[in-house]
Amino acid sequence: MHMKRIVIDYQKCDGCKSCSIACMQAHRETQGTVYDLDLTDPHNESRNRILKDADGQYKPLFCRHCDDPKCVESCMSGALHKDPKSGHVFYDETRCGSCFMCVMNCPYGVLKPDTVSKTKVIKCDFCVNAGGEPSCVASCPKQAIYVEEV
Amino acid sequence: MKYVIIGAGVAGVEAAKTIRQKDNTGEILMISKDTDVHSRCMLHKFIAGERDEQGLDFTEKDFFENYRIDWKKGVQVTAVCPDEKEIALDNGEKISYDKLLLAGGADSFIPPVGELRKASNVYGLRNLSDAQAIVKEADLAENVLIIGSGLVGLDAAYGLLERGKKITIVEMVDRILPVQLDKYAANAYQALFEKAGVRFVLGRKASEAVCEADGKIHKVTLDNGEEIPCDLLIVAAGVRSSIACLEGSGIECDRGVTVDNCLKTSKADIYAAGDITGLSGIWPNAANQGKIAGANMCGGTEEYNDTYAIKNTINFFGLVTLCVGRILEEEGDQIQIKEDKSQYKRVIVKDGKVQGILLQGDISHAGTWQYLIKNKIDISSIQKNIFDINYADFYQVAENGEYQWMS
């Protein structure tokens, strides 16, 4: 099936973490701009991360909305599902049973429980509610991440 | 083509979905004892009164309609006749099939101790019907005795605490969650449950339990002679595959239904998936088996390869734990521990390979551990603190933009 995916050109990444800030801003619960975003408030968690390998190379870690998503396969509540239209994997926190088998089953270690309540999963939603382009992609100064039909 | 699926757990549901995706016109019939599709992993939320029956349903909205699946609920299969290609139900009906999936799960095992099997106030916790019966009985009960401190026993306790019951848990081993955790991590949960009012009796077994005039057990005697008063008993001593209805069918069974790599049984056109196979007791594997069996019922030749099942996550009182692989120490193991006020991490490494991981308090981004353990990846060349190893050290992007693991 064809879907939009955030494609990663990791060699272009210079580790600035603009994507992580943009993600935190896009998912903050309070109103405001990125200039008053509280970076130390544990409610503001980024869905993406920039990792560094043992050689110092930056490796962006973003949910892949996998073709065969192992998080969905492990979800015992029906909270995670792959949308047949867009191909994206969406999370409904009202159905979530907080078992975190999805965290265990993501082969790339993308998922985590929320820091504050340990009842929800921190999961990329492709910024569907922010309309169109994912915030992380819009913020990348190096075009190391971009949306492509795959 | 007529596909019949016995069981409406995750294996059966995933098989039905897969069949419908591959065969748009075939007839799909699911048959279950259960009258509501429900997630067994959330029964404690029902007992606690946090969710109702509908809140346990893990399927998508209008699942049966959208996938055009017929469902006979509240009936039990009494016989499977491979030669006639037909199954018999407890309501006297006979149902024919072209392809049959056995996904009837497992039943709680009640050990033959005293009159546990005879008493009317002894329950397993496996089905929604168990949880419903427990809630009803709990209305009359003050003291609850739970036998077994595995995940099911603790789930039962967690739910019943919300109902204000006095709970005692008896465990044979000297720590709780003995399959999943080491002593340190187990103690953390024990302390939380004790703070909430649960009493644990560890290293003890139930040795006698006699029904009184009302048909109920009101006290259980332990192997040290201690008597524990109880009005409601929950036995969480494991499960056994539901294979009783296969007797006389000629379908080969061992502990569960015997299957090949394609999840085919010894009889033509009959497949099995989920707990009835005894291959694994955990949700993701049952879901995966359901998908594979469903595809193969439609003529596929998919194999069940992701068999690794020594993995679990635990979440009680907001304390989260992940455990994958071996927990008990063996000779030649290197054990590393990292501990601070909010977390405990313990990894077992042998010959450069991770054998087991236990993370408590913080399980963020821990999915890579399962991959490293089940695929026996050699990590000895990675010059990092072991707890800092992550997917960056194995990073590969496939052509379609997905990540992949080096093969």
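This is a predicted model: local features need pLDDT of at least 70, side-chain atom pairs count only at pLDDT 80 or more; totals for chains, interfaces and linings use all residues.

Q: Fine. How many helices and strands are in chain A?
A: Chain A has four helices and eight strands.

Q: In what order do the elements of chain A run?
A: Starting at the N terminus, the order is β-α-β-β-α-β-β-α-β-β-α-β.

Q: What is the radius of gyration of chain A, and what would a compact globule have?
A: Chain A has 15 Å. A compact globule of 150 residues would be near 15 Å, so the two agree. The C-alpha atoms fill a box of roughly 40 × 35 × 35 Å along the principal axes.

Q: And what share of chain A is buried?
A: Buried residues are 44% of the 150.

Q: What about contacts in chain A between residues 24 or more positions apart?
A: They account for 59% of the contacts with a separation of 6 or more.

Q: Switching topic. How many residues does each chain give to the contact between A and B?
A: Chain B gives 41 residues and chain A gives 37.

Q: Which elements of chain B supply at least two residues each there?
A: Helix 7 (283-297), strand 19 (311-316), strand 20 (319-325) and helix 8 (367-374) of chain B.

Q: Now domains. What does the assignment give for chain B?
A: Domain 1 is 2-108 + 239-297, domain 2 is 122-235 and domain 3 is 311-394.

Q: How do domain 1 and domain 2 of chain B sit relative to each other?
A: Their centres are 30 Å apart, taken over C-alpha atoms. Each of these two domains of chain B puts 15 residues into their contact.

Q: Which element gives the largest share on the domain 1 side?
A: Helix 2 of chain B, with four residues. By class, the domain 1 side that touches domain 2 in chain B has six nonpolar, four polar and five charged residues.

Q: Last one: what does strand 5 of chain B pair with?
A: Strand 4 (residues 77-81) of chain B pairs antiparallel with strand 5 (residues 86-89) over four bridges. Val77(B) stands opposite Leu89(B). Strand 5 of chain B also runs antiparallel to strand 6 (residues 94-96), with three bridges. There, Ile87(B) has Ile95(B) as its bridge partner.

Q: Which turn residues have a positive phi?
A: Lys85(B), at about 50 degrees, in the hairpin of strands 4 and 5 of chain B. In the hairpin of strands 5 and 6 of chain B, Gly92(B) has a positive phi near 90 degrees.

Note on methods
Residues are numbered from 1 along each chain as its sequence is written. Chains are lettered from A and ligands numbered from 1 in the order in which they are written. The radius of gyration is taken over C-alpha atoms; the globule rule is 2.2 Å times the number of residues to the power 0.38. A residue is buried if 20 or more other C-beta atoms lie within 10 Å of its own, exposed if 12 or fewer, and partly exposed in between; C-beta atoms are placed from the backbone. Two residues are in contact if their C-beta atoms, placed from the backbone, lie within 7 Å. Domain bounds come from an automatic or database domain assignment. Ala, Val, Leu, Ile, Met, Phe, Trp, Tyr, Cys and Pro count as nonpolar, Asp, Glu, Lys and Arg as charged, and the others, Gly among them, as polar. Two strands pair if DSSP finds at least two bridges between them.
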